[in-house]
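Visitor: I have a structure to go through before class. Can you take me through it?

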Amino acid sequence: MKLPRMFLLALIALAPGGSDAQAAEERFPNLAAQSSLPRGPGLAARFPADAGIASHPAVIFADDFEHGEPGARWDEKGAGQGRALSFAPAEEAVCGQRCLKVEARLGVNTGDGLTKWFEPADPVFVRFYVRFDPGCDYVHHFVTLRANKGLRGGDRWSGFGGAGVRPAGDERFSTALEPWGNWGRWPAPGKWNFYSYWHEMEVSRDGKYWGNSFQAEPQEVIPKDRWICAEFMLKHNTPGQPDGEQAFWIDGRLLGHWRGLNWRRTPVLQANALTLEAYITDRWTKNPTNIVYFDNAVIAREYIGPAGRP
């Protein structure tokens with residue numbers, strides 16, 4: 001039985017987000033400098049502005065937001081029920097004619113997003129383009145990959161909710177590529193990091209289990225008003241063994257790669273849901289209007305890389 005959407009989204013919203021993250025660098029050093037993972041062009045290089053990329057055999061899902069209504073290719077809309085979603089001119093050739101606009105307004109809404117369930121792959125790669133409006137402040141939640149027990153009924157929701165609670169290892173794990181402001185020390189929107197939940201995560205300072213942060217330093221503060229190609233990868237672990245991985249790239253440059261993650265205890269649990277969202281709260285966000293643009297979202301079985309130039 002499907003759990004009530006608003007109940008689940010409310011649970012997710014309770015999570016403090018990357019700004020309260022427990023750093024994981026002591027247990028998991030960043031191996032990007034010596035990593036053999038690909039860099040630069042990937043499978044997307046042969047598809048100008050991602051046109052036709054869904055035909056590639058490694059691609060599981062793709063949405064360039066050129067056709068249909070907002071969310072037409074996705075399975076679920078976020079807490080705003082699509083009211084904060086619209087289309088806008090992409091204003092960049094590599095992103096085609098139009099893109100998805102998420103307009104979060106303090107006191108009116110908390111932003112919005114889209115979720116897609118998909119057949120699991122190992123490893124799985126997620127790539128999207130993003131542009132932060134010049135007036136965009138800190139973002140609370142962003143792009144999240146979740147592992148659920150299945151794709152049907154209540155099992156497809158097992159990876160949602162659970163804010164502040166350590167997963168058991170047989171019902172959920174998740175990782176999110178997010179901008180993090182380092183408690184306001186870095187200008188908004190901050191720097192890129194992973195915000196991850198799994199059954200061997202570290203406890204936070206308040207005694208709860210908020211997501212652990214995987215930081216890639218050195219890196220510059222995320223620029224505003226420019227399209228950025230962001231991609232991340234997750235490799236499942238052998239159940240019960242610390243051989244899982246995650247990595248992320250910005251504009252084709254590998255910034256972070258971490259190994260040794262014991263994501264799960266059972267093979268049933270697999271990453272199978274992607275949420276693309278810009279969610280804000282008034283805890284860190286002070287600007288009244290905060291706009292984030294998304295485009296060229298792809299889920300694949302191999303490295304995707306930046307879209308081809310038209």
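Guide: This is a predicted model. One place to begin is Glu103, which forms a salt bridge with Lys101, with 3.5 Å between the closest N and O atoms.

Visitor: Is that pair on its own, or what network are Lys101 and Glu103 linked in?

Guide: Salt bridges link Lys101, Glu103 and Arg105 in a network.

Visitor: Are Glu103 and Lys101 buried or partly exposed?

Guide: Glu103 is partly exposed, at 22% relative accessibility. Lys101 is at 18%, so Lys101 counts as buried. The cut-off for buried is under 20%.

Visitor: How many salt bridges does the count come to?

Guide: The count comes to 11 salt bridges. One of them joins the side chains of Arg27 and Glu202, at 3.2 Å from N to O.

Visitor: Where do Arg27 and Glu202 lie?

Guide: Arg27 lies in the loop between strand S1 (22-23) and S2, and Glu202 in the loop between S10 and strand S11 (212-215), so this pair ties together parts that are 175 residues apart in sequence. Arg27 is partly exposed, with a relative accessible area of 35%. Glu202 is partly exposed as well, at 30%.

Visitor: And which side chain meets Lys191 in a salt bridge?

Guide: That of Glu217, at 3.4 Å from N to O. This pair also links distant parts of the chain: Lys191 is in strand S10 and Glu217 is in the loop between S11 and strand S12 (228-235), 26 residues apart. Lys191 is buried, at 11% relative accessible area, whereas Glu217 is partly exposed at 39%.

Visitor: Then what does the side chain of Asp63 make a polar contact with?

Guide: With the side chain of Trp74, at 2.9 Å. Leaving aside neighbours within four places in sequence, Asp63 is in contact with Arg73, Trp74, Asn296 and Ala297.

Visitor: Different topic. How many disulfides does the count come to?

Guide: The count comes to 0 disulfides. Cys95, for instance, is in no disulfide, and the nearest cysteine sulfur, that of Cys99, is 7.2 Å away. Cys99 is likewise in no disulfide, its nearest cysteine sulfur being that of Cys95 at 7.2 Å.

Visitor: What about Arg264, where does Arg264 lie?

Guide: Arg264 lies in the loop between strand S14 (253-261) and strand S15 (270-279). Arg264 is buried, with a relative accessible area of 8%.

Visitor: Which backbone oxygens does the side chain of Arg264 reach?

Guide: The side chain of Arg264 reaches the backbone oxygen of Asn237 at 2.8 Å, and the backbone oxygen of Leu269 at 2.9 Å.

Visitor: And how far apart are Arg264 and Gly169?

Guide: They are 95 residues apart in sequence and 4.7 Å apart in space, C-alpha to C-alpha. Not counting residues up to four places away in sequence, Arg264 touches several residues, including Gly169, Phe173, His199 and His236.

Visitor: Last topic, rings. How many aromatic pairs does the structure hold?

Guide: It holds 26 aromatic pairs. Phe194 and Phe248 form one that is edge-to-face, 5.3 Å centre to centre with 85° between the planes. Phe194 is in strand S10 (residues 191-197) and Phe248 is in strand S13 (residues 244-250), so the pair links parts of the chain 54 residues apart. Both Phe194 and Phe248 are buried.

Visitor: How are the rings of Trp249 and Tyr303 placed?

Guide: Their centres are 5.1 Å apart and their planes are at 45°, so that pair is tilted. Trp249 is in strand S13 and Tyr303 in the segment after strand S16 (289-300), 54 residues apart. Both Trp249 and Tyr303 are buried.

Visitor: Which residues do ring pairs link into a cluster?

Guide: Among them are Phe28, Phe173, Phe194, Trp198 and Phe248.

Methods: Residues numbered from 1 in each chain as written. Predicted model: local features only at pLDDT ≥ 70, side-chain atom pairs only at ≥ 80, totals over all residues. Heavy atoms only, no water. Polar contact = N/O pair within 3.5 Å; in protein donor to acceptor, adjacent residues only side chain to side chain. Contact = heavy atoms within 4.5 Å. Disulfide = S-S within 2.5 Å. Helix = DSSP H or I, 4+ residues; strand = E, 2+ residues; numbered from the N terminus. Buried < 20%, exposed > 50% of the residue type's maximum accessible area, 1.4 Å probe, protein only. Phe/Tyr/Trp six-rings, centres within 6.5 Å; stacked < 30°, edge-to-face > 60°. Salt bridge = Lys/Arg side-chain N within 4 Å of Asp/Glu carboxyl O.
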